[in-house]
Amino acid sequence: MTVDGTAPSRPALRRFMLVAVWLPVALVALAVVVQLLLLPQVPATIAVHWDASGEADRFAPAWTQPIATVVFGLGVPVLIALTSLPGLRRGDHGPTYRLMGATAAAVSAMVSVALTWTLAMQAGLDSSADAPAVWPALVASLAAAAAVGVAAWFLQPREEWADAATPPARPLALSSHEQALWMRTTSIARGAAIAIFAGVLLIAVSAAVAGVTGGDPLLVWLLVGTAVLLLALAATTLAFHVRVDDSGLHVESVLGIPRFHVPLADIESAARVDVDPMGEFGGWGLRLSTGRRFGVVLRAGAAIEVLRRSGKRFVVTVDDAATGAALLEALVNRAAARP
């Protein structure tokens, strides 16, 4: 069963596999076959990078082009599939999965066309230094990515995540002067943490390789900065302390920042809900969703959802969410009953 009580969506899973896995495999296989046929016709060293004016400025052995096509043309789709398939197999659904499938197909098409075109345009040249401008290949690869991505989007079934109204939690029995405190620590799911740090490691390795091989200094520093920023974001969002007391709901990173506080006076109601990170929020971490929802979404499953008096909703995934929501609802009711 899915988190909203419906049967698992097998058509969505099959179509996702088609566009995110099998289509990229077919595109990359076709591109590699064409490139292998072209290898005898191109210089032993080919142009693999062009500057802002469209002129070749970096070169590599021709045999590396099919390898790069496989690594980048299949690597990104495989990563997308690995992060999306567990949820789809559980029966989760939503437009995020559809977008991920379309993105996987689009990236594969872009890489396949770009690397095959840039290799083909060097066929018959005596030297890779004579390689023509890259603009036609760039335009063709972007056009292919757009066309394949749109087609992949429409090949998948439309499955929207319904923002169903959730009834408030049943409040705990609480006397007028009784003090109560509920605390838990919640951390990101292991799979999501591995994916985040794998991404950071990949960018860091890319920066190191670019620096060692004499890459553009601007590119090296951009990669380093991106890796540091992602590492900082990951470190501050891996785990949070969640607390419910007389002042409201507190959610604070174990490192101190970021922190969120929903005052008791600002709470209309509190409920225990089930959350699907990909289907409802498009992933893990600090996320926005439809229905004016903002969430600290670290894992699938139980969460406290607070409806604010403004109509906005705050969500935090945490163990024993039912108790936390019930205490929060009791505190809200008690505060409203006081003169």
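Here are a few friendly notes on this predicted model, starting with the whole chain and ending with one residue.

1. Overall form. The chain holds eight helices and eleven strands. Its radius of gyration is 25 Å, well over the 20 Å that the globule rule gives for 339 residues, so the chain is more spread out than a compact globule. In keeping with your view of the model, the C-alpha trace spans about 90 × 45 × 30 Å along its principal axes.

2. Of the 339 residues in the chain, 42% are buried. Taking contacts between residues at least 6 apart in sequence, 67% join residues at least 24 apart.

3. Surface. One spot to look at is a nonpolar surface patch formed by Leu18, Trp22, Val25 and Leu155, which together have about 360 Å² of accessible area. Helix H1 (residues 10-38) gives the most to this patch, with three residues. Trp22 is found in helix H1, and its relative accessible area of 52% is over the 50% cut-off, so Trp22 counts as exposed.

4. A charged residue inside. Do have a look at Glu329, which lies in helix H8 (residues 321-337). Glu329 is buried yet has no salt bridge: Arg309, the nearest side chain of opposite charge, is 9.5 Å away. Which residues is Glu329 in contact with, leaving aside its neighbours within four places in sequence? They are Pro168, Ala169, Pro171, Ser269 and Ala270.

Conventions. Residues are numbered from 1 along each chain as its sequence is written. This is a predicted model: local features need pLDDT of at least 70, side-chain atom pairs count only at pLDDT 80 or more; totals for chains, interfaces and linings use all residues. Side-chain values use heavy atoms; hydrogens and water are left out. Helices (H or I, at least four residues) and strands (E, at least two) are DSSP runs, numbered from the N terminus. Buried means under 20% relative accessible area, exposed over 50%, partly exposed in between (1.4 Å probe, protein chains only). Lys and Arg count as positive and Asp and Glu as negative; His and the chain ends are not counted. A salt bridge is a side-chain nitrogen of Lys or Arg within 4 Å of a carboxyl oxygen of Asp or Glu. Contact means heavy atoms within 4.5 Å. Patches are made of residues with over 30% relative accessible area and no salt bridge: like charges are joined within 9 Å, nonpolar side chains (Val, Leu, Ile, Met, Phe, Trp, Tyr) within 5 Å. Accessible areas come from the Shrake-Rupley method with a 1.4 Å probe; for residues, only the protein chains shown count as cover. The radius of gyration is taken over C-alpha atoms; the globule rule is 2.2 Å times the number of residues to the power 0.38.
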